[in-house]
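Reader: I'd like to learn how to read a fold like this one. Could you walk me through it, a feature at a time?

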Amino acid sequence: MPCLIRQRSIAFVVASVALVGALTAAKAQTIYRIVGADGKVTFSDKPPASADQGKVAGTGISTAGAAAVGSLPFELRQVVAKYPVTLYTGQECSPCGLGRALLMGRGVPFSERSVSTGEDMAALQRLTGDASLPVISIGSQRVKGFSDTEWSQYLDLAGYPKSSALPANYKNPPPAPLIAVQKPTVAKPETKPTQTQAPEPVVPAGPTRSNPAGISF
């Protein structure tokens with residue numbers, strides 16, 4: 001049930017062994033937006049070489065999310081560490097809301113990335129190959145379009161409980177833009193200390209009628 005894109009059809013029965021083998025322990029990928037010295041913008045899954053480039057965090061659990069994960073029950077925390085869940089959503093996307101409701105109702109901790117700008121869309125296409133929303137990533141697996149059956153199968157095989165085991169005070173981190181631009185740092189030119197010119201020596205005026213000895217102070 002994808003938003004704006006045709007529905008993704010799947011077989012109801014999934015080979016559990018094959019799927020578990022495919023669910024590796026890789027974390028959600030991070031996309032970086034790099035601004036070169038000439039102003040050219042590129043996207044890469046490798047971090048910028050220096051702090052002078054524009055860095056963009058694309059996916060994965062945020063700092064706030066990581067802190068929240070630490071409060072989870074041990075078994076659930078183990079699943080989240082192996083197969084973190086990231087939900088990619090857009091504005092005015094009904095299937096996105098259905099996907100979010102499924103995760104929240106089941107008690108699945110997840111990070112949400114909103115796709116609202118052209119740069120967000122470019123990063124999403126790099127990750128998934130098209131502009132279909134919503135997208136859910138469970139570990140290294142990405143599923144495009146909302147399907148209650150398919151999403152539940154992937155979550156089951158990853159080991160997420162069928163009913164919520166979250167603490168009563170647990171809150172998912174708020175949605176964050178897929179592309180969060182950090183402006184390049186502009187190095188300030190070095191300022192050399194100004195040299196203070198020594199005052200010119202006072203030349204004695206010489207003896208005068210009122211100062212026959214030529215004394216000066």
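Author: Let's start with handedness: a crossover is right-handed if, with the strands pointing away from the viewer, the path from the first strand over the helix to the second runs clockwise. Helices (H or I, at least four residues) and strands (E, at least two) are DSSP runs, numbered from the N terminus. This is a predicted model, so local features need pLDDT of at least 70 and side-chain atom pairs 80 or more, while totals for chains, interfaces and linings use all residues. Residues are numbered from 1 along each chain as its sequence is written, and side-chain values use heavy atoms, leaving out hydrogens and water.

Reader: Which elements make a right-handed β-α-β unit here?

Author: Strand β4, helix α4 (residues 94-106) and strand β5 do.

Reader: How do I read the sheet, and what is the order of its strands?

Author: Strands of a sheet pair through backbone hydrogen bonds, either parallel or antiparallel. Pairing here takes at least two DSSP bridges between two strands. The open sheet has 5 strands, ordered β7-β6-β4-β5-β8, with mixed pairing. At the edges sit β7 (141-144) and β8 (176-177), each pairing on one side only.

Reader: Which strands does β4 join, and in which directions do they run?

Author: β4 runs antiparallel to β6 (residues 135-138), with 4 bridges, and parallel to β5 (residues 111-115), with 5 bridges. On the β6 side, Leu-87 stands opposite Ile-136 and Tyr-88 has Val-135 as its bridge partner. On the β5 side, Thr-86 partners Ser-111.

Reader: Is β4 buried or exposed?

Author: Buried means under 20% relative accessible area, exposed over 50%, partly exposed in between (1.4 Å probe, protein chains only). In β4 (residues 85-90), 6 of the 6 residues are buried, so the strand is largely enclosed by the rest of the structure. Val-85, Leu-87 and Thr-89 point one way, and Thr-86, Tyr-88 and Gly-90 the other.
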